[in-house]
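The following walks through one protein model, element by element. Have the coordinates open alongside the text.

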Amino acid sequence: MISLVSIVVLLAVFLVFHINRLLNLINYDEGTSAPETVSADGNVQDEGDETDSLSEDSDQTEIDDLEAQILENIQSQSTDIVYDDDVFNILLIGSDGRTTGTASRSDSMILISINKKTEKIVMTSLMRDIYLSISGYENNRLNAAFAFGGASLLLETIRKNFEIPVDKYVWVDFFDFIDIIDMMGGITLDVSDAEAKSMNGYIHEINELIGEDPQDGKLSEGGENLLLDGKQALAYARIRYVGNSDFKRTERQRIVLGKLVDKLYDQSVIELYEILDDLLPNVTTNLTKGELISLLLSVPTYKDYEMIEYRIPLEGTYRSMTIRGMSVLGIDFDANKQALYDTIYQ
């Protein structure tokens, strides 16, 4: 009995040591850094901005109406946000930094909501062009909040405009995303010929940024169950002009995320440890070690949860507009806030 207890204790110590070693690899940050220069008119300055419009601004009456709706949405929130112990919200942030180690706007924002009561996980893409209120700045697109004040301001902006209790985030940039996919051995996706052609433009840009042959990794055509490496998967997730613009792009991003989750579930303990050993240094978060341990230990349970894909704004609840030269989405906040609540908490 003494020998058995000793072995159990040693195993427990060994397990705790290695889990703690892995968690020490993560970059812990409350997310208060403001990573990008902002112009005097409040617009984010960054190269390669695919959302900027060359057309004239929308009718001023329409703009004034949207500004009034945004103000009303903020002023009407008289009570504190209610937290539900059965629901844990984490915002996944993918930034479009073009230089290693430098952040910029949040190109991808996916709210992961784990509901233990209903046993479902909801992946909600928040469209980056949603025009809304950002504390301390003129109204702007949602993705500008990350550039203005880092992850903390982005989280505050989501809470403030959508009344969703989200305080935790996980962030990776373009280069980290490439590494993560490669560490997982790539992912298989169905790619149309039109998507393959569009991907090649992004692959060319990525190759130039990382100093590789501009032709490396380009696809001659699409196909079913294609094994894509990191930069190919990133190119797929960035496609904007095939399908329904940015709406289709957020769908592709959720597909890629779902494929990654599936691959993680299929790994053995040893394989998972090796993957996390390489992956975690590329991750920045404000999750505590205790929260991360709880999430890791719950992975076997979450495997049986229903996975739901979603995006905001809903169809029929937005209008495309141009404000200060920016292409934006003016949305019905009441309709989308209710939809978010119903999907995540019901």
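The side chains of Ser108 and Gln253 make a polar contact, at 3.1 Å. The model is a predicted one. Ser108 sits in strand S3, which runs over residues 106-115. Its relative accessibility is 14%, so Ser108 counts as buried, the cut-off being under 20%.

S3 belongs to an open sheet of seven strands, with mixed pairing and the order S1-S10-S7-S2-S3-S4-S11. Which strands stand at the edges of this sheet? They are S1 (27-28) and S11 (306-312); each has a single partner strand, so one side of each is left without a neighbour in the sheet.

Elsewhere in the order, strand S2 (residues 87-95) pairs with strand S7 (residues 168-173) in the parallel sense, over six bridges. Ile90 has Lys168 of S7 as its bridge partner. Leu91 is also found in S2. With a relative accessible area of 0%, Leu91 is buried. The C-alpha of Leu91 lies 4.5 Å from that of Tyr169, although the two residues are 78 residues apart in sequence.

A further pairing joins strand S12 (residues 318-323) to strand S13 (residues 326-331), here in the antiparallel sense and again over six bridges. Ser320 is bridged to Leu329 in S13, and Ile323 is bridged to Met326 in S13. The hairpin of S12 and S13 has two residues between the strands, and Arg324 takes a positive phi near 50° in this hairpin. S13 is mostly covered, with five of its six residues buried.

The next element to follow is helix H10, which spans residues 333-345. H10 has 13 residues and reaches 18 Å from its first C-alpha to its last, close to the 18 Å expected at 1.5 Å a residue. At the start of H10, a side-chain oxygen of Asp332 comes to within 3.2 Å of the backbone nitrogen of Asp334.

Which residues of H10 are buried? They are Phe333, Asn336, Lys337, Ala339, Leu340, Thr343, Ile344 and Tyr345. An α-helix has 3.6 residues a turn, so residues three or four places apart point the same way. That spacing can be kept in mind when reading the buried positions, which include Asn336, Leu340 and Thr343. Thr343, found in helix H10, has 15% relative accessibility and so counts as buried.

The largest share of the lining of the second largest pocket, five residues, comes from H10. About 290 Å³ of space lies in this pocket. It is lined by 15 residues, of which Ile81, Val82, Phe162, Glu163 and Tyr341 are the closest to its centre. By class, the lining of the second largest pocket has eight nonpolar, two polar and five charged residues.

Rolling a probe the size of a water molecule over the atoms shows where empty space is left. How many cavities of 30 Å³ or more does a search of the whole structure find? The search finds four. The largest cavity holds about 1,400 Å³ of space. Among the 46 residues that line the largest cavity, Leu92, Val170, Leu257, Val261 and Leu264 are the closest to its centre.

Helix H7 (residues 245-265) gives the most to the lining of the largest cavity, with seven residues. The lining of the largest cavity divides into 38 nonpolar, five polar and three charged residues.

Technical notes. Residues are numbered from 1 along each chain as its sequence is written. This is a predicted model: local features need pLDDT of at least 70, side-chain atom pairs count only at pLDDT 80 or more; totals for chains, interfaces and linings use all residues. Side-chain values use heavy atoms; hydrogens and water are left out. Helices (H or I, at least four residues) and strands (E, at least two) are DSSP runs, numbered from the N terminus. The expected span of a helix is 1.5 Å times one less than its number of residues. Buried means under 20% relative accessible area, exposed over 50%, partly exposed in between (1.4 Å probe, protein chains only). A polar contact is a pair of N or O atoms within 3.5 Å; within protein, one must be able to donate a hydrogen and the other to accept it, and residues adjacent in sequence count only if both atoms are side-chain atoms. On a 1 Å grid over the protein atoms alone, a cavity is a set of points where a 1.4 Å probe fits but cannot get out, and a pocket is an open set with protein on both sides within 12 Å along at least five of seven lines; lining residues have an atom within 4 Å of a point. Grid points are joined across faces, edges and corners, and a volume is the space filled by probe spheres set on the points. Ala, Val, Leu, Ile, Met, Phe, Trp, Tyr, Cys and Pro count as nonpolar, Asp, Glu, Lys and Arg as charged, and the others, Gly among them, as polar. Two strands pair if DSSP finds at least two bridges between them.
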